[in-house]
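Hi,

Here is the structure I promised to pass on. Have a look at it first, and then read my notes below.

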Number of protein chains: 2
Amino acid sequence: MSERILIVEDEPKLAALLADYLRAAGYETACLADGLAVAPSVRAHPPDLVLLDLMLPGRDGLDVCRELRTFSQVPVVMVTARVEEIDRLLGLELGADDYVCKPFSPREVVARVRAVLRRAHRPPADGVPGLVIDDDGYRAIYDGHALDLTPVEFRLLRALAAHPGRVFSRDQLLDHLYPDHRVVTDRTVDSHVKNLRRKLEQVRPDRELIRSIYGVGYKLEE
Amino acid sequence: MSERILIVEDEPKLAALLADYLRAAGYETACLADGLAVAPSVRAHPPDLVLLDLMLPGRDGLDVCRELRTFSQVPVVMVTARVEEIDRLLGLELGADDYVCKPFSPREVVARVRAVLRRAHRPPADGVPGLVIDDDGYRAIYDGHALDLTPVEFRLLRALAAHPGRVFSRDQLLDHLYPDHRVVTDRTVDSHVKNLRRKLEQVRPDRELIRSIYGVGYKLEE
DNA sequence: GCGGATCGTGGAGACATCGTGGAGAAGCGG
DNA sequence: CCGCTTCTCCACGATGTCTCCACGATCCGC
């Protein structure tokens, strides 16, 4: 039985294009052009995933997403016009599962959808392959090797590893790094990422565990 | 026989959602919406785990957790509104076993519950090789040699040995050292660690039993 | 492509934490 | 009250860590 994707997009051509590709990938699709209709539709006929344009007539995609989250845990992939907007999204902490920014290739969208659904199906007890975070002991083990991390590096890795694949803005990461909410340049995060990366690649030079998302932040590769 | 989870959550929809997922994962569930009712309920019918919302009408989740701890060792998973609060909670050392922050996916909650229960089942009977703590006699034996410890040193070693590998902050250790919660500088802990280390290395000069975790605290090597 | 923004990196100085010896206070038994 | 042990704190140096800067590389939107 195939999965249903609800496409919320006000531009008909784009909606049709996405629907085509998604159907070709084996999904069932439904389309909505109006933000107001999303919540009722999801209630009445819950899809397996919602592909949500940020710019909608009448109703902002952000509101829609928030409303969905009040009653549903359905995975949401946001579609935004520009990279810069992702920043704003992250700050608002709205609970989307992934983001795609225009201009995108339909194949890219399909790939994201597939990835999010895979993540949603599999129990999230997974974590990152080869990475063990020993919270009590303030230790991290990567491919069997104990990492010699500073406190900040440990907290950074722990924060990222708590939600593999999820992008964290620098500000979000700073919140995790400092319980006392001290004021620090967000470029400081870059420095710690640099040092952390160095220690990680001592263990596995071939793998890029921490990925930068341009204009957004960092995430841990799943 | 399945395990019972007590859900304490004042929002009915959320409680129902969590109950659904937990039942789907094979647990029995019970729900309470009121913080005041928790302790009596746990006394009357002890669950295997309590899922506790931090924000409760009438009674703070923190108080509830503290009250539970006065008479029960039941595992507690706290649910908090925001990421930032988790750090605060961690500092407060209130005795919860894990934390989940909103917005969370029910799947994530199930994963945490599973992890905490797994941890709770596994007997914590591990110890430190060569180290015996004679609780009644206020004595410690290390590699066959009786250690001549002062009372504070003994309590320090006992606290660390209760959870080998786990890092204790200086404040946490001070709580263990003084039942009367007197006010003492953190650095005092350092002094006692210094003296304790000296006595330990008289027995085994080659081994570094007490390890400092920079910026965090001390732990006993496993 | 071009300009502007963002990011990776090395390194230096500021900063925090830790180990230590020892001084004085506090307990405690005689 | 005395002598002893123990505790707490202080001060200093040693060590470890953080933060930021500056430069070049990279990426993005036009």
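**What I found**

Leu157(A) is in contact (heavy atoms within 4.5 Å) with Leu131(A), Ile133(A), Ala140(A), Leu147(A), Leu149(A), Leu196(A) and Leu220(A), leaving aside its neighbours within four places in sequence. Before you go on: this is a predicted model, where local features need pLDDT of at least 70 and side-chain atom pairs count only at pLDDT 80 or more, while totals for chains, interfaces and linings use all residues. Residues are numbered from 1 along each chain as its sequence is written, chains are lettered from A and ligands numbered from 1 in the order in which they are written, and side-chain values use heavy atoms, with hydrogens and water left out.

Leu157(A) also belongs to the largest nonpolar core, which has 30 residues; Leu157(A), Leu160(A), Leu173(A), Ile210(A) and Leu220(A) touch the most other members. (A nonpolar core is a set of buried Ala, Val, Leu, Ile, Met, Phe, Trp, Tyr and Cys residues joined through side-chain atoms within 4.5 Å; buried means under 20% relative accessible area, with a 1.4 Å probe and protein chains only.) Which helix gives the largest share of this core? That is H6(A), with 7 residues. (Helices are DSSP runs of H or I with at least four residues, strands are runs of E with at least two, and both are numbered from the N terminus.) Apart from this core lies another, of 26 residues, among them Val152(B), Leu160(B), Leu173(B) and Val193(B).

Now for chain B. An open sheet there has 3 strands in the order S9-S11-S10, with antiparallel pairing (two strands pair if DSSP finds at least two bridges between them). S9 (168–169) and S10 (210–213) of chain B each have a single partner strand, so one side of each is left without a neighbour in the sheet. S10(B) is joined to S11(B), residues 217–220, by 4 bridges; one of the pairs is Ser212(B) with Tyr218(B).

Of the 25 residues around DNA strand D (a heavy atom within 4 Å), Tyr178(A), Ser191(A), Thr150(B), Tyr178(B) and Ser191(B) come nearest. Sugar and phosphate make up 80% of the atoms of DNA strand D that come within 4 Å of the protein.

Cheers

Notes. Buried means under 20% relative accessible area, exposed over 50%, partly exposed in between (1.4 Å probe, protein chains only).
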